[in-house]
Amino acid sequence: MKVSENWLREWVELDATTDEVAHQLIMAGTELDGIDPVASAFTDVRVGQIKSIEQHPDADRLRVCQVNIGSDELLQIVTNATVVLEQKVPVAMIGAILPSADANEKPLKIKKGKLRGVLSQGMFCGSETLGMGEAGEGLLPIPDSAELGKNLREVLDLDDVVLDLDATPNRADLLCVAGVARELGVIMQAPVTEVSVKAASLDHEQSFPVKITADDLCQRYVGRIINNLDVKAKTPDWIVEKLQRSGIRSLGPVVDITNYVMLELGQPMHGFDFDKLSGGIDVRNAVEGEKLTLLDGKEILLSADTMVIADEEKALALAGIMGGEDSSVTDDTQNIYLESAYFVPEKIMGKSRKYGLHTDSSHRFERGVSPDLQVKAIERASELITEICGGEVGPFNDVSTRDDLQQRDAVHFERRRIKRHLGIEIDDTRVEDILTRLGCNVETTENGWNITPPVFRFDLATPEDFVEEVARIYGYDNIPARLRPMEPRIARKEETLVDENTLRNILVNRGYQEAITYSFVPPEVESLLSPDQEQIALSNPISEELSIMRSTLWSGLIPALDKNVKRQQPRVRFFETGLSFLKTSEGLTQRKKLAGAITGNVYSEQWNAESRSVDFFDLKGDVEALLEEATGQTFEFVKSDHSALHPGQSTNIISDNQVVGVCGALHPAVEKKLDLDQQVFVFELDMDNISHKKLPEYTKLSPYPSVRRDLALLVNKDVEYSTIAKVLNSLNIQQIVDSFVFDVYSGENVDSGQKSLALGLIFQDFSRTLEEQEISAHVEKIMEALNNHTGAVLR
């Protein structure tokens, strides 16, 4: 928010320089984006009045003017500006210093001179020349009441600066002059004089009925009729100037006054042409598909979750955001309906962005407008309107849907919290002064205070909030910096837990890089990667591209991988740990996952190894390295039917009959829709199911030699090794200490529907050396079982 320092000083008595004021605001937590002077540093520019105008004898575009500057003699000034008789103009006198158009050049000093042979004793000044406007705006306008010969800086109050404040979202009370003045009064212990608002004298009894249908969105609405006003009246210069210094241009007296009250008190307001309304006001939700043309001429299609101000026939305004064009105040308006409302911040939040809008009103309503301002604001605006535009004021309707709207619960604040949280002790008198100046009602108790915060401070609700306020106002500079005594806490570490950092390091050592992506993802990507999951939509998304809560970490990893590939990074390996979100019968649940995505070559380009692209087994090897940390658990890889993965290159990871993860190649159709240029392989593991292990136990080594037997098995192509491993385990042959596949062959001498598996078996006993007959008997038993369950035969 931009606010004039001089306007602030009308409210609060500050015995401090601009830099001191700025420093105090910054140290109290209000960001200051800049301090901008109202005008450039010029000197000796006075108010003059043109008494005569003649054409220059030798130049068609020049005129010779006689100018009265309040002295006995007139000044002669030659100009090319468009001027009229009796116009008051800014005159740079002989010797005046004006800023140069180029910042690198020296300031311009006005000298007596001749233009085309005619004497010129000064210069007229435009808005751009004085640093108060853009090029082409002409001479700086001067009020008719300005005294001739008076210094222009005094007349227009130009020794002023504009403070560009950026209040945090929880401090909506700082979005007005009253709030900033109150803040400075607290920080600098200075008296604050609020504007005096009187109840308007009523000229008629006409009122307009008000109904709040959307009572969960709007909880207070105040409106009044003002008849027979002159909307063509001129807005006073002092209002126009204050608006301009706050970054708002003048649009006519009614709009200017409502904007002025908004800047002054913090309450957005709106004026309707009363003759265009019918029946009564209804604050309601829009009808799906209802149309409304806004003040900026844009026609929008309303959705049912949008609140509007309506009459009996139509929507009049987008509540809390912008008025409608059809009911706006025009030059033909004679009667207005003035409104002032309180909207629930959480309910109106994000509505303006939904329609591509951001207004001064929405900026304030989304952060919270005090629910006790509505009557005060409408009385203040009525006072200014009747003073400037005349008119006859009627009574106001004040409709509220909550009796406790302006009540706040008291918070017990213990004295010891100050020492505990800040490390210092502050005198009770100072604490009470801070809290009282903040607008709180303070009652002293035996061990502290019962504090009732003001209604405009939505951010004060807990004892910790008041500790923060005391520290902020007391001054962070006044809290000494010292190290607190170290009290190390030795936490017991569960040896059976798999450390998350260990899993991270495994992947880093295998060439992965850790990524951190948003939990919010595009709905299109989410629907491709998790088509069977119900999407969880955000009610107030940052953007349409980040509007869904992710059910899989792939929704963030794959776009990140694709972005790197498209920026000349052909070999990418990413992993991420984070939460995924699912809708279940128990409601919204979140699970911590570890996911990865790889593409490109197995190794970086080098001279002593043949380049090849990663495949499913490279990814499976990385996953197995992670699973090895969960010692004691048995994991089984079973063919997956995941819709986002390639049907022939994907697997579910099973433990205790529960799916704990999945890995494989992305489905070609998914790759095409995501516009991926390279084949991508992905995995995702449930952290809760791989984060436990058994403690290592000593296993006795056999002193007797082991015996290896290799079997060449002919099996159908669809038989997986996991099936063979299950058969071997079911036989419970204690002498088999290891089994593995070391070759797979299909081709010549093997039927087209079959494959040859080379199975290695290691036999060993702990009490003796095994004999050939025993091993042969075991092999026969194994072959019989394999034949029965898988149809395997020796090749």
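Here is a friendly conversation about how some residues in this predicted model get their labels.

User: Why is Thr30 called buried?
Analyst: Thr30 has 5% relative accessibility, and buried means under 20%, so Thr30 counts as buried. Thr30 sits in the loop between helix H2 (18-27) and strand E2 (31-37). Beyond its sequence neighbours within four places, Thr30 is in contact with Leu25, Leu165, Leu174 and Glu183.

User: Thanks! What makes helix H4 largely enclosed by the rest of the structure?
Analyst: Eleven of the eleven residues of H4 (residues 177-187) are buried, so the helix is largely enclosed. Among them are Val177, Arg182, Glu183 and Ile187. After H4 comes Gln189, with a positive phi near 50°.

User: How do you know whether Ser691 is buried or exposed?
Analyst: Its relative accessibility is 15%, and the cut-off for buried is under 20%, so Ser691 counts as buried. You will find Ser691 in the loop between helix H19 (687-690) and strand E37 (707-716). Not counting residues up to four places away in sequence, Ser691 touches Thr496, Leu497 and Val498.

User: What makes the pair Met687 and Ser691 a polar contact?
Analyst: The backbone oxygen of Met687 lies 3.0 Å from a polar atom of the Ser691 side chain.

User: Why is Gly556 called buried?
Analyst: Gly556 has a relative accessible area of 11%; since buried means under 20%, Gly556 is buried. Gly556 belongs to helix H16 (residues 554-565). Leaving out residues up to four places away in sequence, Gly556 touches Thr517 and Val521. Thr517 is 39 residues from Gly556 along the chain, yet their C-alpha atoms are separated by 5.5 Å.

User: And why is Ala669 called partly exposed?
Analyst: Ala669 has a relative accessible area of 37%. Exposed means over 50% and buried under 20%, with partly exposed in between, so Ala669 is partly exposed. Ala669 is in helix H18 (residues 668-673).

User: Which label, buried, partly exposed or exposed, goes to Asp44 and which to Asp656?
Analyst: Asp44, with a relative accessible area of 25%, is partly exposed, while Asp656, with 72%, is exposed. The value for Asp656 is past the 50% cut-off, whereas the value for Asp44 falls between 20% and 50%. Asp44 is in the loop between E2 and strand E3 (45-55), and its phi is positive, near 55°, in a residue other than glycine. Asp656 is in the loop between strand E34 (645-655) and strand E35 (658-666); its phi is also positive, at about 55°, although Asp656 is not a glycine.

User: Last one: which residues touch the most other members of the largest nonpolar core?
Analyst: In that core of 98 residues, they are Leu163, Tyr221, Ile281, Ile309, Tyr337 and Phe343. A second, separate core of 28 residues includes Val498, Tyr512, Phe575 and Val623.

How values were computed
Residues are numbered from 1 along each chain as its sequence is written. This is a predicted model: local features need pLDDT of at least 70, side-chain atom pairs count only at pLDDT 80 or more; totals for chains, interfaces and linings use all residues. Side-chain values use heavy atoms; hydrogens and water are left out. A nonpolar core is a set of buried Ala, Val, Leu, Ile, Met, Phe, Trp, Tyr and Cys residues joined through side-chain atoms within 4.5 Å. Buried means under 20% relative accessible area, exposed over 50%, partly exposed in between (1.4 Å probe, protein chains only). Helices (H or I, at least four residues) and strands (E, at least two) are DSSP runs, numbered from the N terminus. A polar contact is a pair of N or O atoms within 3.5 Å; within protein, one must be able to donate a hydrogen and the other to accept it, and residues adjacent in sequence count only if both atoms are side-chain atoms. Contact means heavy atoms within 4.5 Å.
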